[in-house]
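Please open the model in your viewer and keep the sequence panel beside it.

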Amino acid sequence: MTTDTNELKRVASQVRRDIVRMVHGCQSGHPGGSLGCTDYLVALYFSVMEHNPDFKMDGINEDLFFLSNGHISPVFYSVLAHAGYFDKAELATFRKLNSRLQGHPTTHEHLPGIRIASGSLGQGLSVAIGAAQAKKLNGDKHLVFTLHGDGELQEGQIWEAAMYAPHNKVDNLIAAIDVNGQQIDGSTKQVLSLGDLNAKWTAFGWEVLETKGNDIDALLVTLAEAKSRTGQGKPVVILLHTDMGYGVDFMMGTHKWHGTAPNDAQLAQALAQLEETLGDY
Ligand SMILES: [Mg+2]
């Protein structure tokens, strides 16, 4: 655990290398959102969350994270491996037959760090609220974190959960939305416009913060602010303004790399932009 942003940036660079290599290795998967959310997951697992890589499913007396947009599993698996949940060599099995690292995370493979199956969008917020309420009932003061795509906000269940949490004063929850303006079929504006997200979450009764999602320094400041707003009767949501594909120039700012694997030449081009800092798997 560290607050040294240079060290966190070094971890992020390696995670991004892992992401493009994993998706290239099986010619399948979702690099765009994974690259865009790398800085947030690195900040959570290497600086902010109190968590135990000696994984226990009940999660008592530690902070919990739920990945709701499960298709960005490459970033999740890489961060978990580097945080010590399992050997990074296993990243080479991503999306392969009988691997514990399925394209969308599931629990029955028993991969340490995975608490829910996700990939069917819209469900993770409800699970996180339940976990947060369980912590309150158990007198456990730790926090629950979630991450969602912005396209995922088009799912109705999200807004049921958004209504439920403030009503029930679930104030030990910090949700985050990856606001990259993109989803698999195009921009969110083209597919189903999200409108003013700050105004919407505020109207539902949440504490709303906004930050640059690909700036580790800004993320640490915002996460500290988010933590300071817990325990005051309201859930907290952070709008992360990210670029899909961040870190690889030709993958940035377009939905085209949402669910597309790089070929050999594109992999080489991507890796040339991402320093190997912790050793490739
Ligand atoms: Mg998106």
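Select Leu147 and then Ala176 in strand E3, which is the bridge partner of Leu147. Extending the selection to strand E2 (residues 144-149) and strand E3 (residues 173-179) shows two strands that run parallel and are joined by 6 bridges; helices (H or I, at least four residues) and strands (E, at least two) are DSSP runs, numbered from the N terminus. This is a predicted model, in which local features need pLDDT of at least 70 and side-chain atom pairs count only at pLDDT 80 or more, while totals for chains, interfaces and linings use all residues. Residues are numbered from 1 along each chain as its sequence is written.

Now widen the view to the sheet. It is an open sheet of 5 strands with parallel pairing, in the order E1-E2-E3-E7-E6, where two strands pair if DSSP finds at least two bridges between them. At the edges are E1 and strand E6 (207-212), each of which pairs on one side only. From one strand to the next the twist averages 20 degrees, the axes being lines fitted to C-alpha atoms, for helices over the stretch in contact, with angles that run from 0 to 180 degrees between N-to-C directions.

Next, select helix H4 (residues 73-82). How many of the residues of H4 are buried? The helix is mostly covered, with 10 of its 10 residues buried, a residue being buried if 20 or more other C-beta atoms lie within 10 Å of its own, exposed if 12 or fewer, and partly exposed in between, with C-beta atoms placed from the backbone. Among these buried residues are Pro74, Phe76, Tyr77 and His82. The buried residues of H4 pack against helix H1 (5-26), helix H2 (31-36), helix H3 (38-48) and strand E1 (64-67). After H4 comes Gly84, with a positive phi near 100 degrees.

Continue into the loop between H4 and helix H5 (124-137), where Asn98 is placed. Most residues other than glycine have a negative phi, yet Asn98 has a positive phi near 70 degrees. Asn98 is exposed, with 7 other C-beta atoms within 10 Å. His110 also lies in the loop between H4 and H5, and has a positive phi of about 60 degrees although it is not a glycine. His110 is exposed, with 10 other C-beta atoms within 10 Å.

Along its principal axes the C-alpha trace spans about 50 × 45 × 35 Å, and 49% of the 281 residues count as buried. Among contacts between residues at least 6 apart in sequence, 76% join residues at least 24 apart.

Technical notes:
Two residues are in contact if their C-beta atoms, placed from the backbone, lie within 7 Å.
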